[in-house]
Amino acid sequence: MSEQVLAGKTCLVTGGGGGLGKAIATHFLEAGANVVICDVNDERLQQTSAELSSKGPLKAIKTDITNTKEAESLFETLIGEFGKIDVLVNNAGIMDHFDPIGDMDMELWDRVMAINLTAPALLSKLAVRNMLAQPKPDGRIINIVSVAGKAGWASGAAYTASKHGLVGLTKSIAAFYGNKGIKCNALMMGGMETNIADAFSAGMHMEGFEKMTAVLKAIQAPFVDVNEVAGFCVNMTYGKGAGQINGATIAIDNGWTSVVG
């Protein structure tokens with residue numbers, strides 16, 4: 001995609017303080033978009049803001065996206081600053097500890113669902129309402145899912161269910177709003193070196209973890225390059241042909257799901 005092709009477009013990236021979210025924000029800025037990043041980790045958010053602010057119009061807003069009032073405030077600030085939202089990238093997410101359902105801590109289940117599924121639903125609701133209010137709606141929603149949105153071995157019960165749910169949400173948004181100027185697609189990630197692994201510091205269910213690593217050893221697929229994903233994410237918005245893609249779940253996984261899914 002050529003430089004500045006997204007000039008005048010406003011993009012919100014959740015979980016933008018690091019990892020894939022930071023990379024996506026970087027690529028959107030380089031394409032000329034106004035970019036809003038939110039994250040619950042204020043220190044990480046401010047570091048990223050300082051690093052990226054020279055690249056273009058950027059606003060960093062500390063937000064707990066599981067809190068309805070904070071999510072609504074995020075949109076009020078975004079719209080007050082830039083007038084509208086054109087692109088929502090639901091990137092923020094947390095892992096479980098590879099727990100199968102028989103060993104699942106239901107408090108962890110609730111937290112994973114809140115961040116990985118309920119928050120994207122809320123943010124999509126707010127984004128859709130603003131997109132539809134534009135004279136000629138032309139919005140994009142991109143949901144970052146995972147091979148766990150297709151397979152059952154890639155994580156524990158909570159993360160797997162949340163990502164399957166996010167695929168379903170993607171299809172629902174696409175079906176209801178595709179003919180109204182809003183396109184919604186999901187990107188199914190393979191393994192990446194991002195800060196989502198922070199969750200593992202609290203310990204993990206070894207049987208579930210070993211099941212995942214055994215499959216990965218058999219597949220022998222390399223990790224996915226975060227910057228390549230970020231560039232593709234930008235192209236999925238207003239690049240050539242992007243307007244024809246709606247309701248798709250596109251695997252960016254170095255072939256993980258072609259081997260086992």
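## Aromatic rings

Two rings of Phe, Tyr or Trp count as a pair if their centres lie within 6.5 Å. By this criterion the structure, which is a predicted model, holds zero aromatic pairs.

A ring does take part in a contact with a lysine. Lysine 9 lies over the face of tyrosine 238, at 4.3 Å from the ring centre.

## Packing of helix 3 and helix 4

Helix 3 spans residues 68-82 and helix 4 spans residues 106-132. The two pack with their axes 10 Å apart, at an angle of about 30 degrees. The crossing of helix 3 with helix 4 is right-handed.

On the helix 3 side, the contact is made by Thr68, Ala71, Glu72, Leu74, Phe75 and Ile79. They meet Leu122, Leu123, Leu126, Ala127 and Asn130 of helix 4. Sorted by type, the residues of this contact are eight nonpolar, two polar and one charged.

## Salt bridges

Five salt bridges are found in a search of the whole structure. One of them joins lysine 55 to glutamate 30, with 3.2 Å between the closest N and O atoms.

Glutamate 30 belongs to helix 1 (residues 19-30), while lysine 55 sits in the loop between helix 2 (42-52) and strand 3 (58-62), so the pair ties together parts that are 25 residues apart in sequence.

Notes:
Residues numbered from 1 in each chain as written. Predicted model: local features only at pLDDT ≥ 70, side-chain atom pairs only at ≥ 80, totals over all residues. Heavy atoms only, no water. Phe/Tyr/Trp six-rings, centres within 6.5 Å; stacked < 30°, edge-to-face > 60°. Lys NZ or Arg CZ within 6 Å of the ring centre and 35° of its normal. Axes fitted to C-alpha atoms, helices over the stretch in contact; angles between N-to-C directions. Helix = DSSP H or I, 4+ residues; strand = E, 2+ residues; numbered from the N terminus. Left-handed = near helix turned anticlockwise from the far one by under 90°. Contact = heavy atoms within 4.5 Å. Nonpolar A, V, L, I, M, F, W, Y, C, P; charged D, E, K, R; others polar. Salt bridge = Lys/Arg side-chain N within 4 Å of Asp/Glu carboxyl O.
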